[in-house]
Amino acid sequence: LEKPASDWPVVECLIAFASAGYPLQKCIEYCKLVQPLSINDIQAQAIFRSRTAVFKKLQEWCIPCPDHIVLDHTCQDAAPLVETEDFIEFKGKKFFKPFVEKPDDGDRHDIWIYYPQSVGGGAKKLFRKI
């Protein structure tokens, strides 16, 4: 996988799944060069790297999605996030606890659940065995 895509062996059929460390762009380049029968859409897998991109694509296809907000913690001029014991509010949209927070990066699995005060409050990080 470290070699240029043009040096990869020629295959007639390809199935590939992107994951952390997988050279997805190189695989897309290979598919353009060799044009194997592709069992799954390699280019579409780039969407799975971003949870925001997945939600946008689902909305484009008119597939119902759960209510959600996208908050960029690195953006200096973002609207304020208001957190109370039982809900958060962002840009006028309220989410009552419990709710789940996930990073945009689909390869990151540091997922948190926030609980309302009525069940003890606080947050819990989900454990994912690697």
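User: Which residues make up the largest nonpolar core?
Analyst: Ten residues: Ala5, Trp8, Leu14, Ala16, Leu24, Cys27, Ile28, Tyr30, Cys31 and Ile42. A nonpolar core here is a set of buried Ala, Val, Leu, Ile, Met, Phe, Trp, Tyr and Cys residues joined through side-chain atoms within 4.5 Å. Buried means under 20% relative accessible area, exposed means over 50%, and partly exposed is in between, using a 1.4 Å probe and protein chains only.

User: And which helix gives the most to this core?
Analyst: Helix α1, residues 24–34, with five residues. Helices are DSSP runs of H or I with at least four residues, strands are runs of E with at least two, and both are numbered from the N terminus.

User: Where do these numbers come from?
Analyst: This is a predicted model, in which local features need pLDDT of at least 70 and side-chain atom pairs count only at pLDDT 80 or more, while totals for chains, interfaces and linings use all residues. Residues are numbered from 1 along each chain as its sequence is written, and side-chain values use heavy atoms, with hydrogens and water left out.

User: Back to α1. Which of its residues are buried?
Analyst: Leu24, Cys27, Ile28, Tyr30 and Cys31. Down the axis of α1 they fall within an arc of 160°, so they line one face of the helix. The arc is taken from the directions that run from the helix axis to the C-beta atoms.

User: What do the buried residues of α1 pack against?
Analyst: Strand β1, residues 13–14.

User: And the face turned away from the buried side? Which exposed residues does it carry?
Analyst: Gln25, Lys32 and Leu33. α1 is then followed by Gln35, which has a positive phi near 55°.

User: What is Ala16 in contact with, leaving aside neighbours within four places in sequence?
Analyst: Tyr22, Cys27, Asn40, Ile42 and Gln45. Contact means heavy atoms within 4.5 Å.

User: Different topic. In what order do the strands of the open sheet come?
Analyst: β3-β4-β5, three strands with antiparallel pairing. β3 and β5 are the edge strands, each pairing on one side only. Neighbouring strands are turned by 15° against each other on average, direction ignored. The axes behind that angle are lines fitted to C-alpha atoms, for helices over the stretch in contact, and angles run from 0 to 180 degrees between N-to-C directions.

User: How many bridges join β3 to β4?
Analyst: Three, between residues 81–83 and residues 87–90. Two strands count as paired if DSSP finds at least two bridges between them. Val82 has Glu89 as its bridge partner in β4, and the hairpin of β3 and β4 has three residues between the strands.

User: And how many bridges do β4 and β5 pair over?
Analyst: Four, with β5 covering residues 93–96. Glu89 has Lys94 as its bridge partner in β5, and Phe90 stands opposite Lys93. This hairpin has two residues between its strands, and Lys91 in the turn has a positive phi of about 55°.

User: Where is Ile69?
Analyst: In the loop between α2 (51–60) and β3. Ile69 is partly exposed, at 26% relative accessible area. Leaving aside neighbours within four places in sequence, Ile69 is in contact with Ile88, Phe90, Lys93 and Phe95. The C-alpha atoms of Ile69 and Phe90 are separated by 7.7 Å, with the two residues 21 apart along the chain.

User: OK, charges. How many salt bridges?
Analyst: Four, where a salt bridge is a side-chain nitrogen of Lys or Arg within 4 Å of a carboxyl oxygen of Asp or Glu. Among them is Arg49 with Asp107, at 3.4 Å from N to O. That pair links distant parts of the chain: Arg49 is in the loop between β2 (37–38) and α2, and Asp107 is in the loop between β6 (99–101) and β7 (112–114), 58 residues apart.

User: Are Arg49 and Asp107 buried or exposed, or what lies in between?
Analyst: Arg49 is partly exposed, at 27% relative accessibility, and Asp107 is partly exposed too, at 32%.

User: Which residue does Lys57 meet in a salt bridge?
Analyst: Glu60, at 3.2 Å from N to O. Both lie in helix α2, three residues apart, about one turn of the helix. Lys57 is partly exposed at 24%, whereas Glu60 is exposed at 53%.

User: And Asp110? What does it form a salt bridge with?
Analyst: Arg108, with the closest N and O atoms 2.6 Å apart. Asp110 is partly exposed at 22% relative accessibility, and Arg108 is partly exposed at 41%.
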